Each structure stands twice: as structure tokens, then as C-alpha cells.
Amino acid sequence: IEQLGYGDIKFVLQKKNYGVGRSYELGFEMSRGEYVFIQHSDLEYDYTAALIMLELAERTNLDAVFGSRFQELLKTTTRWSLFKERPAILASYISTYLVNTWYGYKFTDVIGAELYKTSVIQKIPISTYNTGFKFEHVSRMCKKRLEIGEINIEYQPRDNAADKKIKSYHIINALWAMVRVRFFE
């Protein structure tokens with residue numbers, strides 16, 4: 001990877017796995033463009049949503065845009081079937097409900113695809129590097145009352161047989177991160 005040359009693309013290799021939160025933190029620190037789009041490596045999210053998210057952010061001067069997976073998914077299945085087939089998705093519903101209740105937003109999915117205004121996201125601290133990272137991060141953004149939009153995106157979920165790493169018990173890290181930001185910061 002170090003020997004691949006792609007112009008402005010910089011590869012950053014770490015000596016050990018510090019967790020997804022540290023990777024985001026490092027990426028945000030190094031970002032120089034006006035916006036940062038997070039494309040998850042598993043390609044569950046449609047990468048072409050980045051252009052729609054960017055257009056919305058620029059047109060309405062948003063600090064961030066979230067890509068909601070659930071509207072498209074629920075066209076082909078019920079919520080109950082979704083929870084039964086993919087129990088870890090329950091954490092997304094719970095966290096989205098808490099963000100909406102605690103901070104007054106009306107999101108349908110707070111941990112789908114993400115686009116951020118670089119100058120804004122670089123000011124949001126990261127202290128959790130485990131599976132609670134995104135929940136902590138979203139909570140801090142909402143607590144600061146950032147202008148955040150949301151669009152529906154195409155989503156092709158993988159299951160455990162396809163090496164999906166997130167598990168139902170990861171909700172513990174997620175909830176703790178959210179409670180800590182909401183009540184103790």
C-alpha cells in the first residue's frame with residue numbers, strides 16, 4: 001500500500017489497530033478539503049450518495065449530512081423482521097431515538113453514511129475509539145446544535161456469515177458513550 005501512488009491520496013498505516021474512532025480522528029486531522037465523506041469499507045452504503053449529500057450540504061449550508069439506511073430497507077421488510085435478522089440494528093434505532101429525544105432532532109438513522117464540513121468536524125473531540133465512537137461523536141455534534149441534514153440512501157446489509165463485525169452487545173459501549181456525553185460533559 002505504501003508504494004501505491006495516487007496523487008493527492010495519502011495512505012496512513014498505524015503500527016497497531018487503535019479502533020475505528022482513532023482512524024476517524026486521524027482522518028479528520030489530516031483533512032484539507034471543505035468536506036469529508038466517510039465511505040465504509042464494507043460497501044454496504046451506496047457511495048454515489050456522497051454527491052447528493054454534498055449538494056444538500058452546500059445548498060443549505062449544513063455542518064453535516066447523515067445517510068439513513070432504514071427507509072429503503074423497510075420497503076422490503078418489516079422492522080420486526082429486520083431486528084430478528086440483524087439484532088445489532090436495534091442499537092441504531094435506540095441511539096437514534098435517544099438523540100432525537102435528548103437533542104430535539106428528527107433523524108431516522110444517526111450512524112449510516114456521513115458527510116461533514118471539515119472546519120466543523122475538526123472541532124469535535126473524540127475520546128472513544130471502540131464501538132461507542134460513532135454514538136459519542138453524534139451526541140457531541142447534536143449537543144453543540146450543529147445544522148445536520150439527512151437523506152435516504154441505498155443500503156445492502158451484510159450478515160454475520162459475510163464477516164459482519166458489529167454484534168448486539170456492542171450497544172453497551174454505544175449507550176455508555178451517549179449517556180456520558182449527555183449527562184456528564
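The following legends describe close-up views of a predicted model of one protein chain.

**Figure 1. Overview of the protein chain, with its eight helices and four strands.** Read from the N terminus, the elements follow the order α-β-α-β-α-α-α-β-α-α-β-α. The protein chain has 185 residues, and 45% of them are buried. Among contacts with a separation of 6 or more, 70% are between residues 24 or more positions apart. The accessible surface amounts to about 10800 Å², and carbon and sulfur atoms contribute 55% of this area.

Figure 2. When neighbours within four places in sequence are set aside, the contacts of Trp-102 are Met-178, Val-179, Arg-182 and Phe-183. For Arg-182, the C-alpha to C-alpha distance to Trp-102 is 7.8 Å, although the two residues are 80 residues apart in sequence. The charged end of Arg-182 is placed over the ring of Tyr-103, at 5.9 Å from the ring centre.

**Figure 3. Aromatic pairs, of which the structure holds seven.** One of them joins Trp-102 and Phe-183 in an edge-to-face arrangement, with 5.3 Å from centre to centre and 80 degrees between the planes. Trp-102 belongs to helix 5 and Phe-183 to helix 8 (residues 171-184), so this pair ties together parts that are 81 residues apart in sequence. Phe-183 has a relative accessible area of 48% and is partly exposed. In the pair of Tyr-105 and Phe-107, the ring centres are 4.8 Å apart and the planes stand at 15 degrees, so these rings are stacked. Stacking requires planes under 30 degrees apart. Tyr-105 and Phe-107 are both buried. Elsewhere, one aromatic cluster is made up of Tyr-24, Phe-28, Tyr-116 and Phe-133.

**Figure 4. Strand 2 (residues 64-68) and the strands paired with it.** Strand 2 is mostly covered, and five of its five residues are buried. In a regular strand, side chains alternate between the two faces of the sheet. Ala-64, Phe-66 and Ser-68 point one way from strand 2, while Val-65 and Gly-67 point the other way; all are buried. Strand 2 runs antiparallel to strand 3 (residues 113-117), and four bridges join the two. Within this pairing, Ala-64 has Tyr-116 of strand 3 as its bridge partner. Tyr-116 is also a member of the aromatic cluster with Tyr-24, Phe-28 and Phe-133. Strand 2 pairs with strand 4 (residues 148-152) in the parallel sense, over five bridges. Here the bridge partner of Phe-66 is Glu-150 in strand 4.

**Figure 5. Salt bridge between Lys-134 and Glu-114, one of nine in the structure.** The side chains of Lys-134 and Glu-114 meet at 2.8 Å, N to O. Lys-134 is part of helix 7 (residues 133-143) and Glu-114 is part of strand 3, so the pair ties together parts that are 20 residues apart in sequence. Lys-134 counts as buried, with a relative accessibility of 14%. Glu-114 also counts as buried, at 1% relative accessibility. The cut-off for buried is under 20% relative accessible area.

**Figure 6. Salt bridge between Arg-22 and Glu-29.** The N to O distance between the two side chains is 3.8 Å. Glu-29, at 44% relative accessibility, counts as partly exposed.

**Figure 7. Salt bridge between Arg-140 and Glu-136, with the network around it.** The N to O distance of this salt bridge is 3.2 Å. Arg-140 and Glu-136 both belong to helix 7 and are four residues apart, about one turn of the helix. Both residues, Arg-140 and Glu-136, are buried. A network of salt bridges links Glu-136 and Arg-140 with Arg-180 and Glu-185.

Methods: Residues numbered from 1 in each chain as written. Heavy atoms only, no water. Contact = heavy atoms within 4.5 Å. Phe/Tyr/Trp six-rings, centres within 6.5 Å; stacked < 30°, edge-to-face > 60°. Buried < 20%, exposed > 50% of the residue type's maximum accessible area, 1.4 Å probe, protein only. Lys NZ or Arg CZ within 6 Å of the ring centre and 35° of its normal. Pairing = 2+ DSSP bridges. Salt bridge = Lys/Arg side-chain N within 4 Å of Asp/Glu carboxyl O. Areas by Shrake-Rupley, 256 points an atom, 1.4 Å probe, with all protein chains shown as cover.
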